[in-house]
Amino acid sequence: MYLMDNSYNLFQFVIRRTTVYSGKSAINIIPQIFKNFKKERIMLFTDQGIKNAGVLDRVLRVFEGLGDDMPKIVYIYDQVEAEAKISRIKECIKIAEENQIDCLLGIGGGSVLDTVKATKWLMYNKGKDIESIFSGSPTYVEKWPVAQNMDIPHVAVPTTAGTGTESSTTAALLDEATNRKVALLNPFLAADIALLDPEMTVTLPRSLTAGTGLDAFCHSFESFFSPAANPLSDANAKEGMHLVAKYLPTAVKDGSNLEARENMLLASALGIAAFGYTGMARASIHNIAIGFALKYDKPHCVGIPTLLPAVVECIPEWYAYRCKEFAQVVGIEKSFQTDEEAYKAVLTWLKEFIASVGVSAKFADVKLSDVDLEDIVQIVDKKVASFSKIPAEKIRMVAKMVTQ
């Protein structure tokens, strides 16, 4: 799809099957996008935080005064929570059917955008029970040719620079019935169009700017150190980490800085692309963070930043071998004789960088008993959608480090 009006001066690129437009006022083209798709009845997904911050109103104003021939928002679903819950998704599919919805618009962070993806999948797979597909495993994968284009136009507008889920082919969901974090993978889940509009992120508080920004960093970081790293993932991961190192401190300090905000959105997009190109082959930081989320209700943007340096410190054998190269990416101006020397410098840099944007090295409110510790180990091992295993003793080491 190409813009009919280039006056917005948007930067356009493609991640897998998602066409991305990046730049100030990108949301202004939303009505024309849906018209180009020849669709009329839009269901908008968001949450109460976005609504209360006035971000939703910015989008609604774009639709004001349009002619009768333009698409209309016929339903606003604003009940998405901190996790993309299957119970909410089942509500959404019912609403979509009752209102003859033919296209979807997501305005929000990762949980909102993953809720849209799962709703689209259910709209296409009429009558399918989403809970049943996870009965055997927390990961359900559909590949082409079983997976087909769903022909339900889907536009995503992220309001955080973190998950990058607007262009991801995965929907991370919470199955409340089994208290598991499950993953639905399908190459056609990603949005058709993603709009990275920095003005949509300026109201994000400092703590969330820092937490979500470090989530974006972690996608690139885990991809770079993945055993499945490859030239394509490295290209995205290196630039993603470089952008976060350069722009996150500014975005945290001055949330109105549009240059920093836009580059953080780009870093987020690069990070999730890198994550996908490695097949999430080793996502230890993310997986342990999900364990703390399920056990202690720690949001992703809180768990990831605290756990990142702890995992690196407890499992040096997974990271030391590429630390010389990583140091160059983030601007550590020093030459190293050995991998161990580079590893120590990188670990110090990680701790200092994360602390510099206001993130604590520990979960101060978590009191970890021996029983709790074993619960964390079991959750990470059994209830988290993952393509790799983390040794139980390493999970214990990390959990103790961030709680004691």
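Trainee: What order do the three strands of the open sheet have?
Mentor: The order is 6-9-8, and the pairing is mixed. Strands here are DSSP runs of E with at least two residues, helices are runs of H or I with at least four, and both are numbered from the N terminus. Two strands pair if DSSP finds at least two bridges between them. This is a predicted model, where local features need pLDDT of at least 70, side-chain atom pairs count only at pLDDT 80 or more, and totals for chains, interfaces and linings use all residues. Residues are numbered from 1 along each chain as its sequence is written, and side-chain values use heavy atoms, leaving out hydrogens and water.

Trainee: Okay! Which strands stand at the edges?
Mentor: Strand 6 (139–141) and strand 8 (170–175) do. Each has a single partner strand, so one side of each lacks a neighbour in the sheet.

Trainee: And how many bridges join strand 6 to strand 9?
Mentor: Three, and the two strands run parallel. Strand 9 covers residues 180–185, and its L185 is the bridge partner of V141.

Trainee: Which helix lies across these strands?
Mentor: That's helix 5, residues 110–124, which lies across strands 6, 8 and 9 and runs at about 95 degrees to strand 8. Axes are lines fitted to C-alpha atoms, for helices over the stretch in contact (heavy atoms within 4.5 Å). Angles run from 0 to 180 degrees between N-to-C directions.

Trainee: New topic: how many aromatic pairs are there in the whole structure?
Mentor: A search finds 18. Rings of Phe, Tyr and Trp (its six-membered ring) pair if their centres lie within 6.5 Å; planes under 30 degrees apart are stacked, over 60 edge-to-face, and the rest tilted. One of the pairs is W121 with Y140, edge-to-face at 6.2 Å centre to centre and 75 degrees between the planes. It links W121 in helix 5 to Y140 in strand 6, 19 residues apart.

Trainee: Is W121 buried or exposed?
Mentor: W121 is buried, with a relative accessible area of 0%. Buried means under 20%, exposed over 50%, and partly exposed in between, using a 1.4 Å probe and protein chains only.

Trainee: Why is the pair of F225 and F326 tilted?
Mentor: Their ring centres are 5.9 Å apart and their planes meet at 45 degrees, so the pair counts as tilted. Both residues are buried.

Trainee: Last one: which ring does the charged end of R322 sit over?
Mentor: The ring of F224, 3.8 Å from its centre. The rule needs NZ of Lys or CZ of Arg within 6 Å of the ring centre and within 35 degrees of the ring normal.
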